[in-house]
Amino acid sequence: MIDIYDSEFRKADLNLLVVFAALMREGSVTRAAAALHLSQGAVSAALGRLRRLFDDELFTRTRTGVEPTRRAVELARSIEPALGLIQGAVTGRDHFDSATARHVFTLGMSDDLEAALLPRLLAATTDLPGIRIAVRQANRNTVADMLDHGEIDLGIAAAPAHGPDHRTREVFASGYSCLFNPRLLPLATPLSLDDYLAHPHLLVSYDGRRGIVDDLLEVRGLTRQVIASTTHFAGAALQLTTLPALITLPTHAATVYADALDLTAVEPPLPMPQYTVSAIWHTTVTDDPAHTWLRHLVSEAERLTFPARRNE
């Protein structure tokens with residue numbers, strides 16, 4: 001049990017922590033003051049006391065407001081969930097009420113997952129005026145670091161790299177499909193390997209040089225004709241409206257783009273691996289009611305998007 005008579009603990013006015021949380025959320029002294037119904041002077045004075053308490057600048061001025069230091073980001077991972085628990089104890093509410101809450105949830109994921117999940121997430125929050133969903137581009141190699149720096153609340157990626165401070169949950173299983181425009185490239189289906197190799201390809205790759213398809217073909221002593229590359233699946237799919245080419249991409253995204261752009265999605269003519277997409281978050285927010293609600297929201301979005309692919 002915490003020693004409430006400890007001299008260091010008695011220095012920590014809980015009202016200061018509320019100001020800290022508002023500054024983290026709003027990114028501005030002016031906006032934090034408005035949210036807390038305080039004067040800018042009062043918030044500035046509280047920030048001065050916070051800096052002395054934690055012996056850190058905590059927030060530095062920018063042209064658009066204030067930006068948290070690394071120490072502030074580390075503190076936020078503990079302070080914000082703790083404030084939520086205290087609020088629940090004081091008010092008798094230990095849950096997150098999405099109907100009345102005012103909260104921005106930031107997700108980190110690549111654009112193929114965004115295409116598949118974001119429409120469901122937005123549909124589920126349409127009638128929740130205080131809830132906003134923000135998405136930042138991320139991949140399996142970056143989500144853990146973005147979580148550690150407080151840049152995102154939840155990451156969604158295929159086999160995300162993580163450490164002991166992170167928790168993960170499998171969301172769904174996926175694979176790969178081929179996408180093409182049947183009006184410009186009238187190919188027979190199922191797609192044959194000869195047709196697959198005879199026509200140009202758009203490559204989606206972070207380095208722009210090669211992808212998993214090239215590795216699989218190389219084992220067979222084969223190559224494909226790559227005419228261009230991009231780092232975004234949506235950008236590549238849009239090119240197919242005017243370009244007679246093929247794209248090999250995750251099935252969950254191929255289905256979305258095929259429906260939206262009137263394209264054809266088929267199985268690749270060579271064996272492709274299946275993989276698992278997982279949600280990842282920092283362990284300090286596991287029991288936070290708001291974060292629990294967010295994870296449930298993502299789970300429901302996945303269930304409605306992929307009713308036959310649930311991997312739990």
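Author: Axes here are lines fitted to C-alpha atoms, for helices over the stretch in contact, and angles between them run from 0 to 180 degrees. The model discussed is predicted.

Reader: Where do the axes of helix H2 and helix H3 lie relative to each other?

Author: The axes of H2 (residues 14-26) and H3 (residues 29-36) come within 8 Å, and their crossing angle is roughly 125°.

Reader: Which residues of H2 and H3 meet?

Author: From H2, the residues are Val18, Val19, Ala22, Leu23, Arg25 and Glu26. They meet Val29, Arg31, Ala32, Ala35 and Leu36 of H3. By class, this contact has 8 nonpolar and 3 charged residues, with no polar ones.

Reader: What makes Ser278 buried?

Author: The relative accessible area of Ser278 is 10%. Buried means under 20%, so Ser278 is buried. Ser278 belongs to strand S12, which spans residues 275-282.

Reader: Which residues is Ser278 in contact with, leaving aside its neighbours within four places in sequence?

Author: Ser278 is in contact with Gly155, Ile156, Ala157, Pro160, Arg169, Glu170 and Val171. Contact means heavy atoms within 4.5 Å.

Reader: Which residues in helix H11 are buried?

Author: In H11 (residues 251-261), the buried residues are Thr251, His252, Ala253, Ala254, Tyr257 and Ala258. After H11 comes Asp262, with a positive phi near 60°.

Conventions. Residues are numbered from 1 along each chain as its sequence is written. This is a predicted model: local features need pLDDT of at least 70, side-chain atom pairs count only at pLDDT 80 or more; totals for chains, interfaces and linings use all residues. Side-chain values use heavy atoms; hydrogens and water are left out. Helices (H or I, at least four residues) and strands (E, at least two) are DSSP runs, numbered from the N terminus. Buried means under 20% relative accessible area, exposed over 50%, partly exposed in between (1.4 Å probe, protein chains only). Ala, Val, Leu, Ile, Met, Phe, Trp, Tyr, Cys and Pro count as nonpolar, Asp, Glu, Lys and Arg as charged, and the others, Gly among them, as polar.
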